[in-house]
Structure formats: C-alpha cells, structure tokens
Amino acid sequence: MFTCSSCGAGQCNNRFSPCFMFSRPGISVSRACSHGFDDNNCQDIVCCPPPFAYLTQTDAFTIAAGVPVPFTGNALLSGGMSFCNGLLELPAPGVYRVSYTLHIPAGSVVDTTVVIRVGGVDIAGTQQTITSALGGQRFEVTGQAIFEISAPAALGLFSTNAFALTPSFPGDALATLTVENVF
C-alpha cells in the first residue's frame, strides 16, 4: 500500500502524484494501476488531504500600517504550512484558494484598506476598503480569490492604515483566514 508517510509529503502533495491524479479531496483511498486495470498491477493508495490553513484572531489587537493581521487565536495547519508573525508560509507551488473575514464590532473606528499579499504582491479581488464611524453598527468585510504560485511564498492579510479591534464578547472572532491548496 502506498501512503503519505511512505512517499513523503512533497510527493503526496505533488499534482502528478497518484493521489492528485486518481482521487478527490475528501476521498482517502484510491487505486492506481500501472498497466490498465489488471488488479495484479494495481496498488491501493491512502491519499493525504490537500494542504490547508485556518487561522483566527479572537483577542483584541492593534495593527500598524503595512503589518499583517496577527491571527493569534486557534490555528489549524496541514501539509507543511506554517505560521509566524502574521505570515502563512505556503510550502509548495500550486493553485490556492484564500478567503478572509474581518468582523468589525459596533463602535469601532476603522479607516483602512485590507488586502491579501502573497510574496509581497497584492492578490487581485481581495482588496476591501473599510470606513466606519464611532457608534456604528457591527459589520463584516470579506475577500476571496484563487491564485497560483510557482515557488513557496508567504501570505498575509495586510492593512494600509493602523487600526484596533476589540471583541464585543470574550471569544468573538475578529478575523478568520482560510487557505487551501486546490491543485
């Protein structure tokens, strides 16, 4: 049997590996045959899930202009992704899907533009301008995109101006970021 541990994470996450060619995300076992569909030339493959990251920010935070959102809350990382100082390291070339949500509590004062940057480059479709006034209603800002990288790169949610957010209630999510390697 061919498993992620026997082929190495790089092989299982490679778009030319049997897991990518013969399986879909969410399916854990696939069958690869080297010569047609003769069972004597086939092997079962336990496929790795595609790399993904889910990051949260639940504590109050202040962010300076040009600095990424810290995402110091719960994190779920897989496939060699790592996170440090507001930057998510994308470990391999490929096509990625990213989405983020900022939850602006009532009464917050925010006047900035946020954007996802990968390798220092703004990702089209992720820029949102936020303007709120003191005493305003709670609202959410979202952005999403699909993009391709040809080499490992760092990803962050950046702001053009300084701002601060404090949750209305303990544990409320102020920001979330989801990144998936889709191919």
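The model you are looking at is predicted, so local features need pLDDT of at least 70 and side-chain atom pairs count only at pLDDT 80 or more, while totals for chains, interfaces and linings use all residues. Residues are numbered from 1 along each chain as its sequence is written, and side-chain values use heavy atoms, with hydrogens and water left out.

Find Ser78 first. Ser78 sits in the loop that runs between strand E5 (75–77) and strand E6 (82–84). Is Ser78 buried or exposed? Residues are called buried under 20% relative accessible area, exposed over 50%, and partly exposed in between (1.4 Å probe, protein chains only). Ser78 has a relative accessible area of 16%, so Ser78 is buried. Contact means heavy atoms within 4.5 Å. If we leave aside neighbours within four places in sequence, Ser78 is in contact with Pro50, Pro51 and Phe52.

Now look at another loop, the one between strand E4 (61–63) and E5, where Val67 lies. Val67 is partly exposed, with a relative accessible area of 36%. Again leaving aside neighbours within four places in sequence, Val67 is in contact with Leu157, Phe158 and Ser159. Gly86 is 19 residues from Val67 along the chain, and the C-alpha atoms of the two are separated by 8.0 Å.

Next comes the sheet. Strands of a sheet pair through backbone hydrogen bonds, either parallel or antiparallel. Here two strands are said to pair if DSSP finds at least two bridges between them. Five strands form an open sheet in the order E5-E3-E15-E8-E12, with antiparallel pairing. E5 and strand E12 (139–149) are at the edges, each with a single partner strand, so one side of each has no neighbour in the sheet. From one strand to the next, the twist averages 10°, where axes are lines fitted to C-alpha atoms, for helices over the stretch in contact, and angles run from 0 to 180 degrees between N-to-C directions.

You can walk across this sheet pair by pair. E5 and E3 run antiparallel and are joined by three bridges, and Ala53 stands opposite Leu77 in E5. Strand E3 (residues 52–57) also pairs with E15 in the antiparallel sense, over six bridges; there, Leu55 has Leu177 in E15 as its bridge partner. Further along, E8 and E12 run antiparallel with eleven bridges between them, and the bridge partner of Ser99 in E12 is Gln144.

Finally, turn to the charged side chains. Side chains of opposite charge can pair when their charged atoms come close. A salt bridge is a side-chain nitrogen of Lys or Arg within 4 Å of a carboxyl oxygen of Asp or Glu. How many salt bridges are there by this rule? The count comes to three. In one of them, Arg97 pairs with Glu180, and their closest N and O atoms are 2.9 Å apart. This pair links distant parts of the chain, with Arg97 in strand E8 (residues 94–104) and Glu180 in strand E15 (residues 175–181), 83 residues apart. Arg97 is partly exposed at 36%, and Glu180 is partly exposed at 31%. Another salt bridge brings together the side chains of Arg117 and Asp122 (2.6 Å, N to O). Glu140 and Arg138 form a salt bridge too, with their closest N and O atoms 3.6 Å apart. Here Glu140 is partly exposed at 44%, whereas Arg138 counts as exposed at 52%.

Note on methods: Helices (H or I, at least four residues) and strands (E, at least two) are DSSP runs, numbered from the N terminus.
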